[in-house]
Amino acid sequence: MSELPFSRPIDFEHCVTCEAPGEGHWFVFRGDQLLVELGPLERPSDDLRVRARPAWARLSLQKNHNWLGGAALRTLYLGCLRKVDCWAAELPAQAEAPAGMAWQGLRALFTVLDDAHFALAGRALQLIDWDRTHQFCGRCGTRTEAHPQERVRICPACQLSAYPRVAPAVMALVKRQNQILLARSPHFPPGMYSALAGFVEPGESLEQCLAREVAEEVGVQISNTRYFASQSWPFPHSLMIAFVCDWVSGEIKPQDEEIEEANWFEVLQLPKLPSKISIARRLIDAVVEEIKSTTDV
Ligand SMILES: [Zn+2]
């Protein structure tokens, strides 16, 4: 299986301090929009949340480390990609893009931006969010300080450490013979269905979370849980952990407000599916292929 989008590039070296800032790649965000050079929005999109993708897009390589002047709200060193320094920065919500550049959401840049840059943009977005939301100690309210060697902010008064947050979430694709269970949340684009998903609660294992989420969201019981793969998901800071499992009992009963509709689907009659940017699509495609290859459908 090829690497999922947002996987750490193999030639990336994580680091928190830069000895001698020079030429570098800059992942500059305004909210969740990345600053890029880009072509016209004319490429078709496989993502129902994205109308069209740019014909091309690239990060600019900046020779001058101080090219943003004093405009950045925060700047973080990410490390080295292919020996080139990589920086993350955040500009204010109303910041204008410099000449020749534009703001663009990450979903529209999937398959357009260089894969390694796309993955590091996901990392940068999460670290900027963490840095922005951990400026003050959660225990005593004192202003925190960045640690010089580690990715952590420390409270100088009470020593509380705040590491970047990652929220684990499980995803379940439930199989019943040659059918798969897909559902819609009310905030999905019209017509789109996906696998079930939910956040892990304190005090439960991934397997327990999976069984609970499936029971809560659609009222069915499962067994034979098989790990599929995991994906870093920077909207805003999740780790998606995907599984395939088998239906055991129960009729579908969608959970009020959480699930708009849920159905068993034959693999030859699937509804609109999520973009290939997400592990949900990788999971659904893999199980559909497996069903097709082992049956006469
Ligand atoms: Zn404190």
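Residues are classed here by relative accessible area: buried means under 20%, exposed means over 50%, and partly exposed lies in between (1.4 Å probe, protein chains only). By this scale Lys83 is exposed, with a relative accessible area of 75%. The model is predicted: local features need pLDDT of at least 70, side-chain atom pairs count only at pLDDT 80 or more, and totals for chains, interfaces and linings use all residues. Residues are numbered from 1 along each chain as its sequence is written, and side-chain values use heavy atoms, with hydrogens and water left out.

Helices (H or I, at least four residues) and strands (E, at least two) are DSSP runs, numbered from the N terminus. Lys83 lies in the loop between β8 and β9. Its phi is positive, about 70 degrees, although Lys83 is not a glycine. Arg82 sits in the loop between β8 (74-81) and β9 (84-90). Arg82 also is not a glycine, yet has a positive phi of about 45 degrees. Arg82 counts as partly exposed because its relative accessibility is 41%.

The donors are Cys137 (SG), Cys140 (SG), Cys155 (SG) and Cys158 (SG), at 2.3 Å. Donors are defined as N, O and S atoms within 2.8 Å of the metal (3.2 Å for Na, K and Ca); water is not among the atoms, so sites may look incomplete. The site of the zinc ion is tetrahedral, with angles of 99 to 121 degrees among its four donor atoms. Four donors count as tetrahedral if all angles lie between 85 and 135 degrees. The spacing of the donor residues in sequence is C-x2-C-x14-C-x2-C. Cys140 and Cys158 link distant parts of the chain, 18 residues apart. Cys140 belongs to the loop between α2 (115-133) and β11 (145-146), and Cys158 to the loop between β12 (153-154) and β13 (161-162). Cys140 is partly exposed, at 39%. Cys158 is partly exposed as well, at 24% relative accessibility.

The strands β11, β12 and β13 form a sheet. Strands of a sheet pair through backbone hydrogen bonds, either parallel or antiparallel. Two strands are taken to pair if DSSP finds at least two bridges between them. The sheet is open, has three strands in the order β11-β12-β13, and its pairing is antiparallel. Its edge strands are β11 and β13, each of which pairs on one side only. Two bridges join β12 and β13 in the antiparallel sense. Ile154 has Ser161 in β13 as its bridge partner.

A hairpin is formed by β17 and β18, with four residues between them. Strand β17 (residues 221-233) runs antiparallel to β18, and 10 bridges join the two. Ile222 stands opposite Trp247 in β18. The loop between β17 and β18 holds Pro236. The peptide bond from Phe235 to Pro236 is cis, with omega near 5 degrees.

The structure holds 20 salt bridges. A salt bridge is a side-chain nitrogen of Lys or Arg within 4 Å of a carboxyl oxygen of Asp or Glu. One of them joins the side chains of Glu260 and Arg184 (2.8 Å, N to O). Glu260 lies in the loop between β18 (238-249) and β19 (261-266) and Arg184 in strand β15 (residues 179-184), so this pair ties together parts that are 76 residues apart in sequence. Glu260 is partly exposed at 45% relative accessibility, whereas Arg184 is buried at 6%. Another salt bridge joins Asp285 and Arg281 (3.0 Å, N to O). Both residues lie in helix α4 (residues 279-294), four residues apart, about one turn of the helix. Asp285 is partly exposed at 28%, and Arg281 is buried at 17%. Salt bridges also link Arg74, Glu90, Asp129, Asp131, Arg132, Arg153 and Arg165 in a network.

Arg212 is found in helix α3 (residues 206-218). Arg212 counts as buried because its relative accessibility is 17%. Its side chain meets that of Glu201 in a salt bridge (3.7 Å, N to O). Glu201 lies in the loop between β16 (196-199) and α3, so the pair ties together parts that are 11 residues apart in sequence. Glu201 is partly exposed, at 42% relative accessibility. The side chain of Arg212 also reaches the backbone oxygen of Phe199 at 3.3 Å.

Definitions and conventions:
Polar contact = N/O pair within 3.5 Å; in protein donor to acceptor, adjacent residues only side chain to side chain. Tetrahedral: all angles 85-135°; square planar, octahedral: opposite > 155°, others 65-115°.
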